[in-house]
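Subject: The model we talked about

Hi,

Here is the structure I promised to send over. Have a look at it first, and then read on for my notes.

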Amino acid sequence: MINVSQYIKPELIIPDIETQSKEETIRCLVNKLYEFDSNYFPDNCTKSELFKAVIERENIQSTGLGNAIAIPHTRISGYKDLSVVISLSKKGIDWDSLDGK
């Protein structure tokens, strides 16, 4: 089992994200990750490629778990590590979760 806490970095936490949509939020999370260290990713994975991959995963099935929690994610070929960006929204963001929250 993975100990996710070892991947949580203060620089990758957005305490009050002010985005309005799922797509805008995903773009903000991707930007934050690249801002922190773009060297994480293989050469074939640009910021726009990562955004596109997360959106494609979202289109398969929403990563909105319910109870106002979503875990957008994807896999990138050639990337063997785990990166975590955390954001909190005081207003909430419609994530198409099954429970509608």
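Which residues are linked in a network of salt bridges? They are Lys 22, Glu 58 and Asp 96. Please keep in mind that this is a predicted model. I will start with the overall fold and then come back to that network.

**The chain as a whole**

The protein chain has 2 helices and 4 strands, and from the N terminus the elements follow the order β-α-α-β-β-β. Its radius of gyration is 13 Å, close to the 13 Å that the globule rule gives for 101 residues, so the chain is as compact as a globular protein of that length. The C-alpha trace spans about 35 × 30 × 30 Å along its principal axes. Of the 101 residues, 30% are buried. Among contacts with a separation of 6 or more, 65% are between residues 24 or more positions apart.

**Helix H1**

Helix H1 covers residues 22–37, which is 16 residues. From first to last C-alpha it reaches 23 Å, close to the expected 22 Å. Its buried residues are Lys 22, Thr 25, Ile 26, Leu 29, Val 30, Leu 33 and Tyr 34. These pack against strand E1 (13–14), helix H2 (47–60) and strand E4 (86–87).

**The network and its surroundings**

Lys 22 forms a salt bridge with Asp 96, with the closest N and O atoms 3.1 Å apart. Lys 22 lies in helix H1 and Asp 96 in the segment after E4, so this pair ties together parts that are 74 residues apart in sequence.

The remaining member of the network, Glu 58, lies in helix H2. Glu 58 counts as buried because its relative accessible area is 5%, under the 20% cut-off. Its side chain also makes a polar contact with the side chain of Trp 95, at 3.3 Å. Leaving aside residues up to four places away in sequence, Glu 58 touches Lys 22, Ile 26, Thr 63, Pro 72 and Trp 95.

Thr 63 sits in the loop between H2 and strand E2 (64–66) and is buried, with a relative accessible area of 4%. Its contacts, again without residues up to four places away in sequence, include Arg 57, Glu 58, Ile 69, His 73 and Trp 95.

**The other salt bridges**

The count of salt bridges comes to 4. One of them joins Asp 16 and Lys 90, whose closest N and O atoms are 3.9 Å apart. This pair links distant parts of the chain, with Asp 16 in the loop between E1 and H1 and Lys 90 in the segment after E4, 74 residues apart. Asp 16 is partly exposed at 31% relative accessibility, and Lys 90 is exposed at 70%.

Another salt bridge pairs Glu 35 with Lys 32, the closest N and O atoms being 3.9 Å apart. Glu 35 and Lys 32 are 3 residues apart in helix H1, so about one helical turn separates them. Glu 35 is exposed, at 63% relative accessibility, whereas Lys 32 is partly exposed, with a relative accessible area of 22%.

Best wishes

Key
Residues are numbered from 1 along each chain as its sequence is written. This is a predicted model: local features need pLDDT of at least 70, side-chain atom pairs count only at pLDDT 80 or more; totals for chains, interfaces and linings use all residues. Side-chain values use heavy atoms; hydrogens and water are left out. The expected span of a helix is 1.5 Å times one less than its number of residues. Buried means under 20% relative accessible area, exposed over 50%, partly exposed in between (1.4 Å probe, protein chains only). Contact means heavy atoms within 4.5 Å. A polar contact is a pair of N or O atoms within 3.5 Å; within protein, one must be able to donate a hydrogen and the other to accept it, and residues adjacent in sequence count only if both atoms are side-chain atoms. The radius of gyration is taken over C-alpha atoms; the globule rule is 2.2 Å times the number of residues to the power 0.38. A salt bridge is a side-chain nitrogen of Lys or Arg within 4 Å of a carboxyl oxygen of Asp or Glu.
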